[in-house]
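Here is a short briefing to read with the model open beside you. Please take a moment to find the chains, then follow the topics below.

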Number of protein chains: 2
Amino acid sequence: MEPKRITSPRNELIKHYKKLCKSSSERREKGLFVLEGLRVVTDLKGMVCPRILLVTEEALGKYAERLDEDFLRTCGEVIVIDRDIADDIALTETSQQVFAVCDAPVRSSPESYGGEPLVILDMIRDPGNMGTILRTADAMGISVGICGCCDELSPKVVRSAVGSLFRVRLYAGGFEEMLGAVHRKGIRTMAAVISRDAEVLGRVSLDNSAVVIGNEANGIPAEHTALCGGRLTIPMKGSINSLNAAMAAGLIMWELSGRK
Amino acid sequence: MEPKRITSPRNELIKHYKKLCKSSSERREKGLFVLEGLRVVTDLKGMVCPRILLVTEEALGKYAERLDEDFLRTCGEVIVIDRDIADDIALTETSQQVFAVCDAPVRSSPESYGGEPLVILDMIRDPGNMGTILRTADAMGISVGICGCCDELSPKVVRSAVGSLFRVRLYAGGFEEMLGAVHRKGIRTMAAVISRDAEVLGRVSLDNSAVVIGNEANGIPAEHTALCGGRLTIPMKGSINSLNAAMAAGLIMWELSGRK
């Protein structure tokens with residue numbers, strides 16, 4: 001069967017794609033997000049099938065080995081687009097003229113938390129940090145709670161999270177709701193802070209603990225810290241500005257995972 | 001004394017500034033680099049004094065509290081520039097119309113290595129990763145060897161390294177020269193690899209060890225790994241793509257620091 005073709009940048013589907021790139025509420029409402037580049041193939045394999053694949057004739061030829069029949073058959077719809085449309089909708093220089101619209105990965109409710117190792121992100125706002133944290137959580141086998149964070153389906157987060165978005169268990173909800181669910185499982189919550197009198201990472205056991213990581217600029221609000229069962233700090237030899245939020249979260253997740 | 005003024009974008013000093021932004025060889029040759037934003041004040045304080053401070057009238061007024069007399073007196077030269085020149089030379093939206101030309105921090109030769117905890121970066125190419133690694137090394141009190149990496153004085157690295165560039169001891173040289181100097185101090189070298197049969201981070205002692213971190217895309221060349229005394233891997237539960245180079249380096253530095 002010949003694939004469908006789009007030649008006009010004013011086509012409704014192209015407008016829909018661009019809206020999904022830009023608008024968090026559009027992504028939520030439709031339960032869809034976009035992915036760009038050959039990572040469409042590598043990141044999604046075995047996890048999710050694109051609803052729509054937009055690809056140029058040129059890319060279909062150039063990447064025929066990866067965009068093979070087997071893969072194309074898994075896509076809901078394959079649509080060939082003109083080169084200038086590809087250039088128009090691309091957000092990166094590495095788009096490779098391959099684009100997909102996919103079903104959003106499932107967000108679990110805090111109530112469904114099962115007591116496994118967890119970090120809770122309280123207002124992480126930088127998409128790069130969010131992506132790095134999701135990717136590291138994936139490596140460490142740790143679940144992630146998100147409260148008031150940037151949209152995990154924004155193209156920037158998706159880009160830096162690689163396929164981890166689909167592998168990490170994500171709980172989304174309000175901070176108090178999240179903490180309540182964690183406490184009900186008998187898990188202790190620790191607020192990651194910069195402080196001389198908090199418990200020290202590497203010296204305190206994190207068995208049965210979940211750790212809260214705060215906003216890049218402002219940390220965790222005092223009223224949220226007050227709700228936690230304890231406070232945790234990373235010992236530092238240099239400046240207190242020397243760890244960014246993603247790195248701090250990474251070291252904490254490494255310890256939460258039992259360093260193995 | 002009235003400060004000097006520059007109103008023409010074709011002024012030689014402005015050209016010099018722009019060349020320092022762009023050219024690694026220019027920075028090396030002149031032993032200078034550039035820093036942008038009020039971080040000129042915060043990052044450098046007590047470590048290095050700007051040779052030249054370029055600032056608009058507007059910024060001098062707006063940030064008078066931080067760009068105070070005491071600070072301005074430490075600058076070799078303070079030059080007032082027009083707003084359009086500031087817009088022209090700014091690399092970020094947060095330039096705050098404040099720019100400095102500074103002496104490059106000292107790079108030590110591998111021969112001067114003293115046996116302290118060390119990571120060796122073998123062809124790290126992403127400026128963001130380089131900056132994050134320097135920043136984390138600062139926090140952990142670890143020295144950094146750089147072999148064939150991106151320029152640590154490029155504006156992007158300087159931006160993400162914050163003031164750490166001046167606090168971390170940096171050794172620069174060829175890979176074999178670096179390894180030779182480390183081995184002569186009786187320090188074991190470990191190549192960080194993705195492998196099932198390497199020694200495992202968290203289970204092996206890193207006392208008296210230096211760890212080599214490889215290129216983002218290609219890892220450490222086989223001939224470099226062969227020169228190392230051992231191989232080290234980070235245990236992962238998720239995908240092997242789940243840790244980026246900076247995060248892997250961070251976890252390794254945390255263990256190298258003795259987790260304290």
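In which hand, left or right, does H7(A) pass H12(A)? The crossing of H7(A) past H12(A) is right-handed, where right-handed means that the near helix is turned clockwise from the far one by less than a right angle, and left-handed that it is turned anticlockwise. This is a predicted model, in which local features need pLDDT of at least 70, side-chain atom pairs count only at pLDDT 80 or more, and totals for chains, interfaces and linings use all residues. Residues are numbered from 1 along each chain as its sequence is written, while chains are lettered from A and ligands numbered from 1 in the order in which they are written.

**Chain A as a whole**

- Chain A holds twelve helices and twelve strands; these are DSSP runs numbered from the N terminus, with helices (H or I) of at least four residues and strands (E) of at least two.
- The C-alpha trace of chain A spans about 65 × 40 × 35 Å along its principal axes.
- Of the 260 residues in chain A, 45% are buried. A residue is buried if 20 or more other C-beta atoms lie within 10 Å of its own, exposed if 12 or fewer, and partly exposed in between, with C-beta atoms placed from the backbone.
- Among the contacts in chain A with a separation of 6 or more, 79% are between residues 24 or more positions apart. Two residues are in contact if their C-beta atoms, placed from the backbone, lie within 7 Å.

**How the two chains are related**

- Two copies of a chain are related by a rotation about an axis and a shift along it.
- The same surface serves both copies, since 100% of the contact residues of chain A recur in chain B.

**The contact between the chains**

- Chain A gives 27 residues to the contact, and chain B gives 27 residues.
- On the side of chain A that touches chain B, the elements giving two or more residues are helix H7 (127-140), helix H9 (164-167) and helix H12 (245-256).
- H7(A) provides the largest share of that side, with six residues.
- By class, the side of chain A that touches chain B has nine nonpolar, twelve polar and six charged residues. Ala, Val, Leu, Ile, Met, Phe, Trp, Tyr, Cys and Pro count as nonpolar, Asp, Glu, Lys and Arg as charged, and the others, Gly among them, as polar.

**Helix packing**

- H7(A) and H12(A) have axes 9 Å apart and pack at an angle of about 15°. Axes are lines fitted to C-alpha atoms, for helices over the stretch in contact, and angles run from 0 to 180 degrees between N-to-C directions.
- That angle makes H7(A) roughly parallel to H12(A); angles under 35 degrees count as roughly parallel, over 145 as roughly antiparallel, 65 to 115 as roughly perpendicular and the rest as oblique.
- The residues making this contact include Asn129(A) and Met140(A) of H7(A), and Ala245(A) and Trp254(A) of H12(A). The contact of H7(A) with H12(A) divides into eight nonpolar, four polar and no charged residues.
- H12(A) also packs with H12(B), at an angle of about 55° and with the axes 10 Å apart. That makes H12(A) oblique to H12(B), and their crossing is right-handed.
- Met247, Gly250, Leu251 and Trp254 of each chain make the contact between H12(A) and H12(B). These residues divide into six nonpolar, two polar and no charged.

**Residues to look at**

- Gln96(A) has a phi near 55°, a positive value in a residue other than glycine. Gln96(A) sits in the loop between helix H6 (83-89) and strand E5 (98-103) of chain A, and is buried, with 22 other C-beta atoms within 10 Å.
- Lys260(A) lies in the segment after H12 of chain A and is exposed, with 12 other C-beta atoms within 10 Å. Leaving aside neighbours within four places in sequence, Lys260(A) is in contact with Gly202(B) and Pro235(B).
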